[in-house]
Amino acid sequence: MKRSMTVLAAALGLALAGATAAAPASAAPAVQQGVQGYTGTAHAGTAAEEAGNKAFYEAVMKSALAKQAAHPYLKAVTVTYDASRAPSFSTVISRSAQIWNSSVSNVQLRSGSNADFRYYEGNDSRGSYASTDGHGRGYIFLDYAQNRQYNSLRVTAHETGHVLGLPDHYSGPCSELMSGGGPGTSCTNPYPNAAEKRRVQSLWTNGFAVVG
């Protein structure tokens, strides 16, 4: 058990030397099967990445829809997130949720208990990423150093896009949120483009029939 804890701490780089002066990092679960990084350095392979992203999105939707059943009159699916394990990024996470909530109407993000997914913070050489075990359980990890190098709001909104069902597309332009770190550090756009908005709208509309 002691060895496992040591390996986990090393893998997540939880030493705070040189990190943002803020609340201490919260230990995230072990990195899982499908990992989608902001710059592409955390990939577990295209097939695993796509399968993991799909499983994560579908599980979040299933969880949200199960809770939604008690309020069938609501037109939008509410996805609840827990940002308590990423206190340094609480404001950025809230702004990211506001961006998505103003961009789409079929799904809305809300902070609260009994969360459908969680955010974590800390140090990791691969940067920020959305992680899943390939069976739908997952989380978003926000790396200190990368969020100083790149626009933090864009990083967070990008990773949140994975939860809503969008894949990475690093070759895209800065105007495309899911291009992530592809356009370089000068890209600060935190907003999804029209195609990305339509995709999320479509995914969460169809979700009522597919997952419900």
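User: Is Cys 187 buried or exposed?
Analyst: Cys 187 is buried, at 2% relative accessibility. Buried means under 20% relative accessible area, exposed over 50%, partly exposed in between (1.4 Å probe, protein chains only). This is a predicted model: local features need pLDDT of at least 70, side-chain atom pairs count only at pLDDT 80 or more, and totals for chains, interfaces and linings use all residues. Residues are numbered from 1 along each chain as its sequence is written, and side-chain values use heavy atoms, with hydrogens and water left out.

User: Which residue forms a disulfide with Cys 187?
Analyst: Cys 174, with the sulfur atoms 2.1 Å apart. A disulfide is a pair of cysteine sulfur atoms within 2.5 Å. Cys 174 is partly exposed, at 27% relative accessible area.

User: How many disulfides does the structure hold?
Analyst: One. The link of Cys 174 and Cys 187 is right-handed, with 90° about the S-S bond.

User: New topic. Which residues have the most contacts inside the largest nonpolar core?
Analyst: Trp 100, Phe 117, Tyr 119 and Trp 204, in a core of 36 residues. A nonpolar core is a set of buried Ala, Val, Leu, Ile, Met, Phe, Trp, Tyr and Cys residues joined through side-chain atoms within 4.5 Å.

User: What does Phe 117 contact?
Analyst: Leaving aside neighbours within four places in sequence, its contacts include Phe 56, Val 60, Leu 109 and Ile 140. Contact means heavy atoms within 4.5 Å.

User: And Asn 106, what does that touch?
Analyst: Not counting residues up to four places away in sequence, Asn 106 touches Ala 76, Val 77, Gln 201, Trp 204 and Thr 205. Asn 106 is buried, with a relative accessible area of 17%.
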